[in-house]
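Visitor: I would like to learn how to read a structure step by step. Could we look at one together?

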Amino acid sequence: MTIIQDYLSGLRLASRSLKMTTLIYVINLLFALALAIPFYGVITNAAHGSLQVNKLLEGFNYTAFQEFTDSAKVSIGLLFKEGIWLAILYLLLSIFMAGGILKTLDNGAVFKGKEFFANGSKFFFRFLRLTLYFIIIHALVILIIWLPLSIIITTLAKNAESEKALFYAAIAGAVLHLLIIIYLLIVAHYTRFMIITEDTTKVLKKIWTSVKFVSRKFFSTYPLYLLLLANLVLLILVFKFLSGVVGMTTGFTIFIMFLLQQIFIWSRIWLKIWIYGSQLEYYITSPHAPSC
Amino acid sequence: MKCKKIITTAFFTCMLMLSVSFSGNSQALSPRIVNYDIKVKLDPVEKIVDGTMTLEWKNPSQDTIRELHFHMYLNAFKNNRSTFWKESGGQLRGKGVDTKDPKTWGWVDILSLKTPEGNDLTSSIQFVQPDDDNADDQTVASVKLEDPVLPGESLTLNIEFRSKLPKIFARSGFSDNYFLVAQWFPKIGVYEPAGMRYAEKGQWNCHQYHAHSEFYANFSVYHIEITVPENFIVGATGKRISEKTVENGLKQITYLAEDVVDFAWTTSPRFIVVEDKWKDVDIKVYLQPEHEQLALRHTESVKAALEYFDAHLGPYPYSTVSVVDPPFRGLGSAGMEYPTFFTAGSLWGIPDELRLTEMVTIHEFGHTYFMGILATNEFEEAWMDEGMNTYFESRIMDHTYGKGTSFVGFKKFHYDDKENQRLSYTRLLYPKIAESTRTSWEFEHGGYSSMSYNKPATMFMTLERLVGEETNEEIWKTFFEKWKFKHPCGKDFINVVNEVVTKNYGTGFGENMNWFFDQTLSGSEVCDYKLLRIKNNKLTPPKGIDDTGGNKLIYKKTEYENIIYKSSVVIHRLGEVVMPQEVLIHFEDGEEVIETWDGKSRTKEFSYEKPEKITWAQIDPENKIMLDINLQNNSRAIKPERTVFKKHLIKFLFLMQNIFQNFAIFI
């Protein structure tokens, strides 16, 4: 199969996953609301009925913004701490849901609530281990890229005639980092597919198999992922354009923006499923060595 | 005392007139106390400047002078024992230094000091420390004279000196082959006769070099011949008179600068020179090649500043402006002013919307007016230079680049220079850190920049809005015209304010404006008024015993024909600073009432009995009192508009949803 065929297969799987997408969207919304509702209380209280805050309706006002955040900073600080715990919880929940999502896609995107949660539960600890391994690997990558690069940047800062060289060094580091992250994400995805399809608990071994698989088929797996990421870029561009057109200055436009934002979030989740679907399709249909 | 002052003034006038023939070619604008004729040669490898100087100094007083004081600024970089080093910790303007590298250090030595008659005074040189007890500080030298200088007489000295330039971390020095040569030669201090500024008797005003202090110097004429390698490009204070090639691959450039308080120069083989003109003023920008695309941002902001100062303060009296753009590793010299010559600061790729280059350029140019033409004492009254200049900087920035966007002009994130200055003061963790009138070395823990730049600038904004634009304009023009080339002090400015405000308003602001400056300049307390409460209580009919008819009867149960509210607005003065206030009160039928209040009492209540309720109220509706450290608590509405909160609620919700989803990207 070609990359395009896998890309379209993923789309077909994603289009059959609207219920699953909506379930994840609702969970995402509930988590965000758990912070947003107290946030609303914080900002209304911190304003103390001041008229100055109204300057933030028409657009941005630096003085109003700074003085307002100063008066709200203690409460927002508490909310931030709460947000960190919620983010960790959401991460765990995402690990949990990954098992359900992938197994559903593996079964032709036939969504059954009970099976979704049962598979989430079944693969949770395997995927948790996988996530921890990748956090460690990512930390090592950061060290490998940024340690020598920071030495280069420090040396340049001491010796270079112009700051231009520093800027390019930092950009080069950031691009390299991004390319490696993408590679690691692809490896992580295929490792999950292997765990799901083979129902294995040998996570470390599968990481290594996945590295070999992705590297051997680098010119298929990498461009496929980039093509799928292009969907997200397109979605962001369309959203930016629409939000620029609508603005947020009246009750009505605020409501329209709310709808657009929620459509954006829903679409992001749907695109994620599309990515999984296409990659899984590629994995299943490509001749690959069974677990060894 | 008064008689003494008249004599002093008459004496100065005579000196001013005489000075036309004393030195320089053109008509003197200033007293021209000193004439410096310096021949100097740069060794770019050793970072050494060798110079010979003929100094002609005029005794501006009626005193007999037996001792001279010289600034030896570069000795601040001689070792870690200097007062400058102790105060700065060897780190200023974001740059630290490698103390093990011998090239890091800088110094200046007087090799010989002789009279034209051949009397060698070198051995009489002694270092003195007028500001502290640091015997290791060598930034001020005293020279005992064999023959005293009589009132009005002049003294000529021939001096040989050698200056080793430090690696740049504060204002002057070198970075590779970029040189910013400032505070580089033995410079005579200011002798203040009795009656000048705060001097009760004649005295040398020659302070040590401190980390945070800038300078104070005589109006002088500089005739400087600079020798550098042929491939080096040179820029300097004043006018370029000649340039010629000499032997061994060297060239000599001669500059003449008249009626200026300092002379600085720069050289580097990497400079690109961009030239422009405003009226008869030649503008030159000495740019790093990688910053060539920023040339227009420099020249346009210089022209904007020239135009604005010309219209709102006074004409620019010099014929040149030179802007130096330091290299990345020489940024320790950026943002520093010298007469007709200053260093700006820019970075490659800096977006047009981030107007740091413009702000620094306009700010440093503005100093020419305050430390240059007015020539205030920056050691003792930094607010007069930095504060006044920062205030004008924000006026020019807002005028040129737009209110609300002049400093940062991105579509969704923008603010102007005035906001930036005000908030830099009002958002301080401790805005009472110091009075602005301290000498510059007395500020501690970051107080210098806040209290010399931002608080005085905010104070001037408040003054402008209190007295009105027209009166404010008159104040500044009068002050400049009266005191240019005369070294005014703080009280001279306040006297001008009092004079103009009293002329225009009588006693409308009190007997004078001292109350304003006593609180905001000499005081460290803050201004903060808060609109505490709005109440609307329905008036109830009378109850109980009514004996208005002679008999004691129970009030009959009645109702008012119309509902009447007893409404009130309560204001608290939270800060110690007292400012006259206006309060705007808005009723539900749209009626608005403006109340005035002297702002003195701790609380103030405005009450009304009306059929309409008060819906909102605002203290200082025109935002005149920019010194108020919290503008948010100046207003209150009974039913605040919720749309803005809803907007930010859904923005926050969306942000959180995205953050959570970003976490999930790793799954």
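Visitor: How many residues does the contact take from chain B and from chain A?

Guide: This is a predicted model, in which local features need pLDDT of at least 70 and side-chain atom pairs count only at pLDDT 80 or more, while totals for chains, interfaces and linings use all residues. Residues are numbered from 1 along each chain as its sequence is written, chains are lettered from A and ligands numbered from 1 in the order in which they are written, and side-chain values use heavy atoms, with hydrogens and water left out. Contact means heavy atoms within 4.5 Å, and here the contact takes 54 residues from chain B and 74 residues from chain A.

Visitor: What area do chain B and chain A bury between them?

Guide: The size of an interface is often given as the accessible area lost when the parts come together. With a 1.4 Å probe and the loss summed over both parts, chain B and chain A bury about 5,900 Å², of which 64% lies on carbon and sulfur atoms. Of the area that chain B buries against chain A, B:Q632, B:F660 and B:I667 supply 15%, more than any other three residues.

Visitor: At what angle do the axes of helix α4 and helix α5 of chain A cross?

Guide: Helices are DSSP runs of H or I with at least four residues, strands are runs of E with at least two, and both are numbered from the N terminus. Axes are lines fitted to C-alpha atoms, for helices over the stretch in contact, and angles run from 0 to 180 degrees between N-to-C directions. The axes of α4(A) (residues 62–106) and α5(A) (residues 113–159) come within 6 Å and cross at roughly 120°. Angles under 35 degrees count as roughly parallel, over 145 as roughly antiparallel, 65 to 115 as roughly perpendicular and the rest as oblique, and α4(A) and α5(A) are therefore oblique to each other.

Visitor: In which order do the four strands of the open sheet in chain B lie?

Guide: Two strands pair if DSSP finds at least two bridges between them. The order in chain B is β8-β9-β17-β14, with antiparallel pairing. The edge strands, β8 (173–175) and β14 (233–236) of chain B, each pair on one side only. Four bridges link β14(B) to β17(B) (residues 265–268), and B:G235 has B:T266 as its bridge partner.

Visitor: How many residues lie between β18(B) and β19(B) in their hairpin?

Guide: Two residues lie between them, and B:K279 in the turn has a positive phi of about 50°. The strands β18(B) (residues 272–278) and β19(B) (residues 281–287) run antiparallel and are joined by seven bridges; B:E275 is partnered with B:K284.

How values were computed: Buried area = accessible area lost by both parts, 1.4 Å probe.
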